Amino acid sequence: MKPLRRLLDWWIRVRPAAAPPTPPPRPPPAPAPAVTGPPPRKVTLRAERSGSDYRHLEAYVDAAGALHIDGQDLGPGTSIVSDDGEYEWFGTIAAADVPRVVALLGGQPGDNVLDLLERDYTGAGSYELEKRLRESDIPVTRHVW
């Protein structure tokens, strides 16, 4: 047992010197930024139901000023584009192009695009909105699911 004891005594003496230094404590993580202000205003452009088909289209302006036009179609009417009965798309128009959208839709410089959409492009008018955007040269970044 003596050799084992000597080994243990030696280990106790040298271990603290051989151990790597303890790193300084890490600072606590920065708190997550607080969400400020109200959520973006959303305008429902379309909320239609026909039998088991449902079509929804809405618009909002994000914090950077970009206009978003997002849609979702559900039901058997989506079968030409979707095997699972659901079709979603998300369109974004850069903030720099929003004044062009206002002009395209008959608004005046400085008009709020959401007010214009809500006033003239809801319900059946939402199809005219899509047609005008499609036929214009205003870039729309589109993602489809």
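This report describes the fold of a single chain in a predicted model.

**Overall composition**

The secondary structure of the chain amounts to 4 helices and 5 strands. Along the sequence these elements follow the pattern α-β-β-β-β-α-α-α-β. Of the chain's 145 residues, 26% count as buried. The chain exposes about 10,400 Å², of which carbon and sulfur atoms supply 59%. Among contacts in the chain with a separation of 6 or more, 48% are between residues 24 or more positions apart.

**The sheet**

The 5 strands form an open sheet, ordered E1-E2-E3-E4-E5, with antiparallel pairing. Strands E1 (42-50) and E5 (141-144) stand at the edges with a single partner strand each, so one side of each is left without a neighbour in the sheet. On average, neighbouring strands of this sheet are turned by 10° against each other, direction ignored. Strand E4 (residues 86-93) and E5 run antiparallel and are joined by 4 bridges. Within E5, histidine 143 is the bridge partner of phenylalanine 90.

**Helices on the sheet**

Helix H3 packs on the sheet, where it touches E1, strand E2 (53-61) and strand E3 (67-74). Helix H4 lies across E1, E2, E3 and E4. The table sets out the angle of each of these helices to one strand.

| Helix | Residues | Strands | Angle |
|---|---|---|---|
| H3 | residues 113-120 | E1, E2, E3 | about 150° with E2 |
| H4 | residues 125-135 | E1, E2, E3, E4 | about 115° to E1 |

In summary, an open sheet of 5 strands has helix H3 packed on it, and helix H4 lies across E1, E2, E3 and E4.

Definitions and conventions:
Residues are numbered from 1 along each chain as its sequence is written. This is a predicted model: local features need pLDDT of at least 70, side-chain atom pairs count only at pLDDT 80 or more; totals for chains, interfaces and linings use all residues. Side-chain values use heavy atoms; hydrogens and water are left out. Two strands pair if DSSP finds at least two bridges between them. Helices (H or I, at least four residues) and strands (E, at least two) are DSSP runs, numbered from the N terminus. Axes are lines fitted to C-alpha atoms, for helices over the stretch in contact, and angles run from 0 to 180 degrees between N-to-C directions. Contact means heavy atoms within 4.5 Å. Buried means under 20% relative accessible area, exposed over 50%, partly exposed in between (1.4 Å probe, protein chains only). Accessible areas come from the Shrake-Rupley method with a 1.4 Å probe; for residues, only the protein chains shown count as cover.
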